[in-house]
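This briefing covers a ligand site, a domain layout and a nonpolar core.

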Amino acid sequence: MKPGLMPIEAALATMLADAQCLVDVETLPLYQASNRILAEDLQALVDVPPADNSAMDGYALRLADLDQPVISISQRIAAGQAPSPLEEGTCARIFTGAETPAGAELVVMQEETEAVNGGIRILGDHQDGAFIRRAGQDVKQGTQVLTKGTRLSARHMGVLASMGIAQVKVYRPLKVAVISTGSELVNPGDSLAAGQIYNSNRYQMAGLLADLNMQFVDLGIVEDSAEATLKALQQASEQADVVVTSGGVSVGEEDYVKACVEALGELKVWKLAIKPGKPLAYGRIGDTPFFGLPGNPASVLVTFMVIARPYLLTLQGARHVDSNLQQAKLTNPPAKPSVRQEYLRARITGYKDGVMQVEAMTNQNSGVLSTAMHGDGLAIVPIGACGTDAEQLTFMPF
Ligand code: AMP
Ligand code: MG
């Protein structure tokens, strides 16, 4: 590691050690809880399924009766009906999802039976317990099903519903104020004058925050001046739980963010061993956490995914903030080693022997965002690795 550069893990560890949940808890109907973070531990109060039931349309019976030439049908049980105990020497006509009657030891599917005078006859061989879904086979009553801090997906919601849970305690969305610094910036919809460019970061940040179910508090574009920057930072810190800026954190004369945050609170500036995205500012404005991302849109994307995302999720109450990292092979590794850990925008080209193959996009310039749009994620090249040494690596999907 080059002296003066801070390892990414060290920066992340420092920030996560500071981070605590900043948002209140609210109770929501389960169907509105998609992507919210659970604020309670949940135990199963019932078995799922609640009773033994049939996995097939067929006949429920005892093992001892399988070989009888004729088995009479003593009851008919459709899904939703309560069965009576199975009479000795008989079977029950049963349908998928219907509760099996007490005494039944297996279900034979209707395709393996034959109608005979006075009932049915069983064809073929059958085993104890066949086609009976046991009570509690999905979730056992009393087990801890989910812990506080879990982000609720559609799959979680389905399981919670199967346990009869109608409402859940979740964290309110984190309010994130976003400031796009730069006198050259114009929002799409306005016309470009000489020297101006469109503001990408505002829109990219809106999308990244929406993906995390966070509330985007838009402070707009702030020109490069101490006065405007101070005012915007102050306002942002009053309106949101956390303030994120883009640009203005390098060492240029037009970079005002650092000095202004220092005047309003506290600031650390790290030269991170990350490429793209070296300068990163972290601190607070009053009591509001502050995060200063670089200006280049590709650097914003990378530093957001690698550092801001786990940090913001923690502020929003999440406990599991890993980024779904996957092992992959980089088919066009860099020829030269880097003193910073590189996050190459890359696309998945396929799978070989079960290993994901990824290809780095040709243009990795931090001012170029379109290669990220055409890519699938970031191929992480460790410090010092190149050539064949950089082929086996970790991939962080977008
Ligand atoms: P800075 O760190 O402010 O010097 O910005 C670095 C580079 O990123 C400059 O070329 C800026 O024009 C560009 N940049 C900064 N903010 C944005 C933005 N919101 N949208 C697009 N480009 C930006
Ligand atoms: Mg700037």
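A polar side-chain atom of Glu184 lies 2.5 Å from an oxygen atom of ligand 1, a polar contact (a pair of N or O atoms within 3.5 Å). The model is predicted, with local features needing pLDDT of at least 70 and side-chain atom pairs pLDDT 80 or more, while totals for chains, interfaces and linings use all residues. Residues are numbered from 1 along each chain as its sequence is written, chains are lettered from A and ligands numbered from 1 in the order written, and side-chain values use heavy atoms, without hydrogens and water.

**Ligand site**
- A nitrogen atom of ligand 1 is 2.8 Å from a side-chain N or O atom of Asn199, and a nitrogen atom of ligand 1 is 3.2 Å from a polar side-chain atom of Asn201.
- Ligand 1 taken alone exposes 490 Å², of which the protein buries 76% (Shrake-Rupley method, 1.4 Å probe).
- Around ligand 1 there are 14 residues (a heavy atom within 4 Å), and the closest include Ser200 and Gly248.
- This shell has 4 nonpolar, 9 polar and 1 charged residues, with Gly counted as polar.

**Domains and core**
- An automatic or database assignment gives domain 1 (8-23 + 173-315), domain 2 (39-48 + 138-171), domain 3 (53-133) and domain 4 (326-397).
- The C-alpha centres of domain 3 and domain 4 are 57 Å apart.
- The largest nonpolar core has 46 residues (buried, under 20% relative accessible area, and joined through side-chain atoms within 4.5 Å).
- Its largest share, 12 residues, comes from α6.
- Domain 1 and domain 4 both give residues to this core, so the core lies between them.

Conventions. A polar contact is a pair of N or O atoms within 3.5 Å; within protein, one must be able to donate a hydrogen and the other to accept it, and residues adjacent in sequence count only if both atoms are side-chain atoms. Buried means under 20% relative accessible area, exposed over 50%, partly exposed in between (1.4 Å probe, protein chains only). Helices (H or I, at least four residues) and strands (E, at least two) are DSSP runs, numbered from the N terminus.
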